[in-house]
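User: I have a model open and would like to learn how to read its features. Could you walk me through a few?

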Amino acid sequence: MKFSFDYSRAFSRNVGWFSPEEQELLKYKRVAIAGAGGVGGIHILTLARLGIGRFHLSDFDTFEIENMNRQVGANMSTLGCSKLQVMVDQLKSINPDVDIKVFPKGVNENNLDAFLEGVDCYLDALDFFALNIRRLLFKKCEDKGVPATTVAPLGMGAAVLNFLPGHMSFEDYFCFDGHSEQEQYLRFLVGLAPARLHTAYLVDPATVSLADKRGPSTIIGCEMAGALAASQVVKLLLNRGDTIAAPRGLQMDGYTNQLKLTWRPWGNRNPLQRLAIHFGRKALIDQKTPVKPFAEPETVAQNVIDHARWAPSGDNAQPWRFELNSDSVFTVHTSDTSDTVVYDLHGWSSLLAIGGLLETIEIAATLFSHQASIQQVRTERRRSPVFQVKLIPDDTCKVSPLAPYIKLRTVQRRSMGTRALNVHEKMTMERALPEDVDVIWLESQPQKNKVAKLLFANGKTRLTMKEAYPIHRAVIDWEKPVKSPDKIPIKAVGVDRLTAIVFKWTMASWRRVRFLNACLAGTWWTRIQLDWLPARNSAAHFALVARSNPDNQNDYLSAGRAIQRFWLTASTLNLGFQPQQTPVIFNQYLNQSIRFTDSKRVLHHARKVKYRFDHMFGDKAERVVFMGRLGRSQLPASRSIRKNWSELLVEPVTQ
């Protein structure tokens, strides 16, 4: 059936919000939009569906695969095609009667007059870094008395600025003159969104680089920018509603659930803006060490290693290195820290981590339609096994439901939500365990109180023994406080800012540690934050118990595999997770009558903690291989990350 286009019927559902006369007026309004990409494409289609009937459109670019995340015209059939032509075709498919004048070479100094001739409003959709032509466009709009709107997509929100005749100009607001290119980009960024709602949830600041002219984006921000821009344009075209003009603006953010109206008299000359520019300069321009680029994984072996490296390890030690043998075969060389780390009795903690690595390899392989065949090969050191991994193609292989969570799994050391685990959650986690591992749940308030007392007492052992001091000192990353590739960033430790400052001063020497232990309430406040409060503020504690007493390498490798599946399953349920392993380790020392400290006082205290531990788990105490807590929690902002996969490679061993 052939349909004919009828403007009145096509846009009749707008009537009610617009009068019939206003809707008819929009048919004859002309809007100029520079850019047909992320926000430009959405602007074009949104205004088209509002019934605006005349457009001046410009763009010289073509669609690329990187545009898929946000540009409405980008799909597999349009890759390599002109963005402008694709959007013109879509615009005409909405309104065949639309009047369009195109500028396929983009806007430049020579065609600005033609681009703005007869337009009722200019809507900015240029690339963020196209600052020179943007400045010329806004200056030309000012000279011609054309209202101009720019709406920046920022994270999962957008920020609006209108530059209207008789109000503050674009140049007076942003104050670009006399500044370097990067400084101008910074001033544009800060000026667009004085409320800075989007900065609260940027998870990787390294993705923002003014020097490299790159930054992250989302379709959420682009869609919100399109909606906000359209509302401003319609009000300008119909001369109705309160249209704010620079230096006033607004920012709306869907992630933070906020709407902020902003007012910055004198624009970027405002003291608040000058302060924001100062801090932005330090963060984005005066970076002393550029981010080191790493090679992207290409082969299936490299890709599996890239995922497997995210397996958990005590203190982020990462006791493994990888030797590439071919595109689908690699060797895993492991190590243990038992000679230097008191928490690695007989290398058992390292073996738990290595077991977790092996399980992660098998899970990660499914992401690439492969099965992992893992065999232990000869090694001279019993506690440092070597494994060869062969990745076998399998088109029938289904992606493990745990695989997407490999890189997201992390430790949450702070207090978590206390809502009890439901039956489904506990059953799901129990099903993740092999038959030879059981779980003990400690979830009632009296049980959580007992665990809190156990951990609080155990914390004294951990913090007052000299043998643990060099480990605690070495493992905290003060230089990378948010994300550390080989340590624990201080912001992830779980203490408040003041305690962290005191902690840093104290850890400079054992003498200071002894002084703090003897005076100033000793370790009480630290243990309250690290042990007592998190233990009480959780949904449940748990202990993983082997059916038989673990006493060899394979037992601990198998336990490590079980721990990783249990942990990843918790991640699929959006549960925060924290290991509580040191009571288990000290209990193992005492069960074997191995002295782990020269301090008689610490040893005596540890024996009292063991009494609590044995009383809690009874005849299963010796078979506890892992202990931890769970709770309702979002992903922590600060976490240990991992060394890049290429940094974990070793040269092939020649025979």
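Analyst: Happy to; we will take cavities, backbone geometry and charges in turn. This is a predicted model, where local features need pLDDT of at least 70, side-chain atom pairs count only at pLDDT 80 or more, and totals for chains, interfaces and linings use all residues. Residues are numbered from 1 along each chain as its sequence is written, and side-chain values use heavy atoms, leaving out hydrogens and water.

User: How many cavities of 30 Å³ or more does a search of the whole structure find?

Analyst: Rolling a probe the size of a water molecule over the atoms shows where empty space is left. Here the search finds two cavities of 30 Å³ or more (on a 1 Å grid over the protein atoms alone, a cavity is a set of points where a 1.4 Å probe fits but cannot get out; lining residues have an atom within 4 Å of a point). The largest holds about 50 Å³, and its lining includes Tyr343, Trp348, Tyr556 and Gln588. Helix 12 (348–365) and helix 20 (582–591) each supply at least two lining residues, with helix 12 giving the most, three. Helices are DSSP runs of H or I, at least four residues, and strands are runs of E, at least two.

User: Which peptide bond is cis, and which residue has a positive phi although it is not a glycine?

Analyst: Most residues other than glycine have a negative phi, and most peptide bonds are trans. In this model the bond from Ala246 to Pro247 is cis, with omega near 15°; Pro247 sits in the loop between helix 9 (219–238) and strand 7 (248–253). His346 has a positive phi of about 60°, and its loop runs between strand 10 (329–334) and helix 12.

User: What about salt bridges: how many does a search of the whole structure find?

Analyst: Look for a side-chain nitrogen of Lys or Arg within 4 Å of a carboxyl oxygen of Asp or Glu. The search finds 24 salt bridges. One of them joins Arg30 and Asp99, whose closest N and O atoms are 3.2 Å apart. That pair links distant parts of the chain, strand 1 (residues 30–34) and strand 3 (residues 99–103), 69 residues apart.

Notes: On a 1 Å grid over the protein atoms alone, a cavity is a set of points where a 1.4 Å probe fits but cannot get out, and a pocket is an open set with protein on both sides within 12 Å along at least five of seven lines; lining residues have an atom within 4 Å of a point. Grid points are joined across faces, edges and corners, and a volume is the space filled by probe spheres set on the points.
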